[in-house]
Amino acid sequence: MNNAFTGKQRNESVQERRTTTAKRWVAASLAGVLWIMPVIGSEFMSPWTANNASIAAAATALTVNKLSEDVITSGAVMMKYKYTAVRSGKSATGLADVIRVDLSNPYVSLDVMTGKGGTLTTRQSTGGMAKETGAVAAVNGDYFNTGGEGSPIGGQVSGGVLVSTPSQLDGMYAFAVTKDRKPIIDEFSFQGTVSSGDGSQFPLSGVNKGAYNPEGGTSTYSHANALYIYTDVWTALDRPKNSSTTPTEALVENGIVTKLSENAALPMAVPKGAFILRGHGQAAKFMMDHLTVGQPVTSTYSLISKTTQQALDPSTLQTMIGGHTILVNNGKASSFSRSTSSIDGTRARTALGYSQDGRYVYVIAVEKNNNSTGMSLSELQSFMTNIGVWKGLNLDGGGSTTMVDRPLAETSTTLTFNTEYGTEQRSVVNGLGVYTSAPQGEIKGIKISGNTTLLIGQKATYSLKGYDTYYNPIDVAAGNPTWKSSGDSVTVKAGEVTAVKPGTVTLTAASGGASADTKVTVLGGIDLNSLSIGTATAPLTAGASVSVPVTAVTKSGASVAVPASALKWEFVGFKGSVQDGKLTVASVDEGVTTGYAIARYDGFSTAVVLSKAAATPWEDFENVNYPIAFTTNASGVKGTAVVTDGGPDRVGSKVLSMSYDMTAGSGKMYAYAQFNGTNGKAIPATATSMSVDVMGDKSLNWMRAEIVDNSGATVYVDLAKVIDWTGWKSLNIDLTGSGIKFPATLKRLYVVNVEEGQDERSKTGTVAFDNITFTMPSLSSEAGLPKGTASMVIGSKTVTVNSQKKPIDVAPIVKDNSTYVPIRYVLDAFGGTATWDPVTKRILVLRGSKVLDLTLGKKEYVLNGKRQIAEVAPLLLQGRTLVPLRLVSEQLGLTVKWEQNTKTVTIES
């Protein structure tokens with residue numbers, strides 16, 4: 001048993017630890033799910049299975065390979081793994097990052113970080129908490145109720161002090177490290193007693209807890225007839241929200257009752273060094289019968305292991321953080337300790353475990369991003385046993401999964417990998433930090449700090465940094481290092497590197513008798529997946545000017561702005577220039593209706609398609625003469641959709657503003673801005689793309705448009721998978737693969753709060769729309785392209801175009817079950833041009849809104865700035881270039897038919 005909360009002495013010890021260690025307490029997090037609800041009322045009822053008997057789990061087989069191992073600090077290393085799983089008969093790969101902490105090393109420790117300033121009822125990103133507390137690495141922590149104040153679901157000990165007690169929920173495990181550095185994973189309950197000055201006692205239900213629905217007890221509501229303690233770590237005035245009946249509260253300072261409020265909460269936050277007793281029902285009666293201002297109050301408490309029934313004094317723990325189900329026990333996959341239906345699927349994952357001898361703690365984060373597919377819980381079990389976990393549990397995952405670490409010789413942590421939301425880190429209530437107390441040692445090594453990949457023309461600054469014998473950063477800036485490059489792909493001067501051409505070089509820096517080197521790769525066109533221009537279409541009019549920022553996406557998934565000096569521009573159909581990021585049309589060639597501004601990065605192409613009509617304005621909301629209304633699919637969802645002034649960012653302009661409140665709804669919820677009742681507004685011609693200006697609310701919800709096409713089919717178009725921005729942003733949506741049969745009708749724009757991981761997204765927000773345009777080829781770049789039919793017979797040097805036979809100098813052939821034709825004759829029949837570059841062996845095809853780059857002998861091709869792969873490659877025959885007919889025709893918007901008996905290919909437009 002532990003005597004606790006008797007007054008000033010306890011608080012001062014906690015404050016002293018905060019000051020001397022620069023660490024912070026942690027709160028818990030219930031992300032990725034779950035439930036927690038008000039104590040009275042039916043909203044927010046738990047989706048968890050009420051019967052939480054152990055659920056059988058079968059670990060899924062994985063192939064696991066370690067990719068790297070790097071020291072973070074003395075006693076902690078970062079290990080990166082690649083895994084392969086088989087799902088529905090198909091192979092899926094991903095990445096997992098593991099921080100291994102050696103508890104036998106006296107200089108490294110683990111502790112819980114809490115919100116902002118080490119307090120509950122606040123939230124902060126994992127990286128923010130690590131920076132605030134001085135952690136050298138960190139991961140997100142416990143589950144939490146996103147609709148609550150911001151307190152952990154599980155128990156928490158930070159800096160050796162009990163911050164929050166476990167909730168009365170079945171199968172919720174916790175991880176702890178004792179003060180003698182022994183790891184524990186167990187399921188705990190809480191037991192405590194409050195004693196008044198007259199010797200009367202009442203059970204203490206918990207410390208610093210939000211309202212929730214208990215399991216396995218006599219009460220449905222956590223605070224009914226219950227007594228709780230709230231310390232100064234709880235900063236919110238609500239203790240907690242929705243706590244059921246009217247409370248009675250007592251302020252206790254230095255172990256003495258100084259204020260007593262019957263049937264009303266004290267109108268104050270908990271003062272520093274004090275705590276507030278809060279009682280409901282029978283607990284409130286106890287307080288009024290036995291507490292008196294000026295009389296002492298004491299409390300005792302302990303944690304009870306649900307597996308051994310033995311008591312554990314929280315004061316023996318250095319740290320503790322709550323989690324969800326147990327995953328691994330005795331080195332094998334364990335049955336789940338509670339239902340996992342609300343956290344299943346393949347998601348980003350966070351977990352903790354320790355080795356059989358208790359020496360190592362494994363802090364695990366599984367990535368889900370462009371480079372990794374995430375894991376199921378059963379796959380996570382297999383991974384953990386594979387890397388040596390003896391006992392382990394699941395922490396909050398999905399959008400909450402975040403890991404940061406301090407690279408060797410650096411002074412601050414960085415994001416270890418992109419989260420499910422990119423570089424955005426979700427704000428959570430707590431996390432687990434890795435700390436070092438090592439003294440400064442002698443210099444052990446130096447390293448070069450800076451980017452390892454560059455684009456042609458990109459400039460970057462590099463610096464020389466050092467680390468000591470404990471692998472902590474040490475200042476080596478006093479020297480004036482000399483720099484050199486092993487090759488001419490870059491130039492370097494005083495640490496500033498300029499990328500010149502593709503290739504990999506060794507960059508070397510020397511200071512005194514020490515030197516360091518690093519590899520720097522300048523990416524070529526072959527290293528890119530896509531190249532995009534901020535403006536895909538533009539007017540083909542003399543004097544027209546549009547902004548043309550160019551962004552490259554590398555094969556690793558990174559997005560990089562391309563320096564203007566790295567681009568070569570080619571203009572087809574007009575004379576123009578690009579200066580300071582703007583394309584200007586000087587003059588239009590006679591008779592030309594479609595022009596192309598082609599940008600190349602080391603040969604990789606993308607283009608702006610210019611046409612007489614270009615993008616057609618569809619709705620700017622300045623003179624709306626039809627009704628727009630808010631609708632929803634779910635009871636309890638409320639909102640508005642109105643045309644209103646655009647505000648300071650859109651002065652003098654009107655926009656469509658939609659506000660929504662889904663807090664009273666459930667399931668998959670939609671907020672619609674509906675156009676013209678159920679009629680919608682017409683899109684009169686075939687559209688290849690759509691653009692719209694959107695003011696985001698960073699709700700992380702999903703934004704879509706609903707279109708009904710000419711056949712009556714409903715098509716849902718993604719505008720943004722995640723609304724991860726605030727302020728105005730222009731969205732460009734490719735409609736060519738949507739299957740919409742035009743003319744069509746846009747019925748509504750809407751926001752979706754999906755059920756999976758629902759707690760990770762905001763249920764309230766405001767978005768706005770403006771300047772909706774459609775690029776309609778019949779009104780723009782593809783207007784006037786020839787229509788008709790062309791047929792060719794394999795082996796025959798004739799082509800029949802609209803019933804007229806014409807000679808061709810190379811006959812189509814069949815090779816490896818693919819038909820090849822000379823592209824020239826297809827374009828002669830249906831419009832477009834093809835140019836051949838004998839140096840690069842590249843064929844550039846231009847037709848309407850399509851820009852297609854093919855390379856002789858290569859299956860990879862580039863269509864409108866995106867790298868794709870075909871089944872076969874173009875080939876050279878009798879001095880003529882032949883291209884795969886189906887690839888070229890279908891990518892250019894033509895229809896291909898094959899007649900086996902006559903060996904005839906028919907192309908239609």
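For the protein as a whole the mean pLDDT is 88, and 92% of the residues reach 70 or more.

Some conventions, then. This is a predicted model, in which local features need pLDDT of at least 70 and side-chain atom pairs count only at pLDDT 80 or more, while totals for chains, interfaces and linings use all residues. Residues are numbered from 1 along each chain as its sequence is written, and side-chain values use heavy atoms, with hydrogens and water left out.

Let me turn to the salt bridges, meaning a side-chain nitrogen of Lys or Arg within 4 Å of a carboxyl oxygen of Asp or Glu; by this rule the count comes to 27. One of them pairs R87 with E379, with the closest N and O atoms 2.9 Å apart. That pair links distant parts of the chain, since R87 sits in strand β3 (residues 76–87) and E379 in helix α4 (residues 377–386), 292 residues apart; helices (H or I, at least four residues) and strands (E, at least two) are DSSP runs, numbered from the N terminus. E379 has 3% relative accessibility and so counts as buried, where buried means under 20% relative accessible area, exposed over 50%, and partly exposed in between, with a 1.4 Å probe and protein chains only.

A second salt bridge brings together R359 and D102, again at 2.9 Å from N to O. R359 lies in the loop between β23 (349–354) and β24 (360–366) and D102 in strand β4 (residues 90–102), so this pair ties together parts that are 257 residues apart in sequence. Here D102 is buried, at 12% relative accessible area, whereas R359, at 35%, is partly exposed.

What joins the side chains of D697 and Y660? A polar contact of 2.6 Å does, that is, a pair of N or O atoms within 3.5 Å, where within protein one must be able to donate a hydrogen and the other to accept it, and residues adjacent in sequence count only if both atoms are side-chain atoms.

Now the backbone. Most residues other than glycine have a negative phi, and most peptide bonds are trans. The bond from R239 to P240 is cis, with omega near -10°, and so is the one from F742 to P743, with omega near 0°. N208, although not a glycine, has a positive phi of about 55°, and A409, likewise not a glycine, has a positive phi of about 80°.

P743 brings me to I683, as the two are in contact. I683 is also one of the residues that touch the most other members of the largest nonpolar core, which has 45 residues; such a core is a set of buried Ala, Val, Leu, Ile, Met, Phe, Trp, Tyr and Cys residues joined through side-chain atoms within 4.5 Å.

Definitions and conventions: Contact = heavy atoms within 4.5 Å. pLDDT = per-residue confidence, 0-100. Lists of a residue's contacts leave out its neighbours within four places in sequence.
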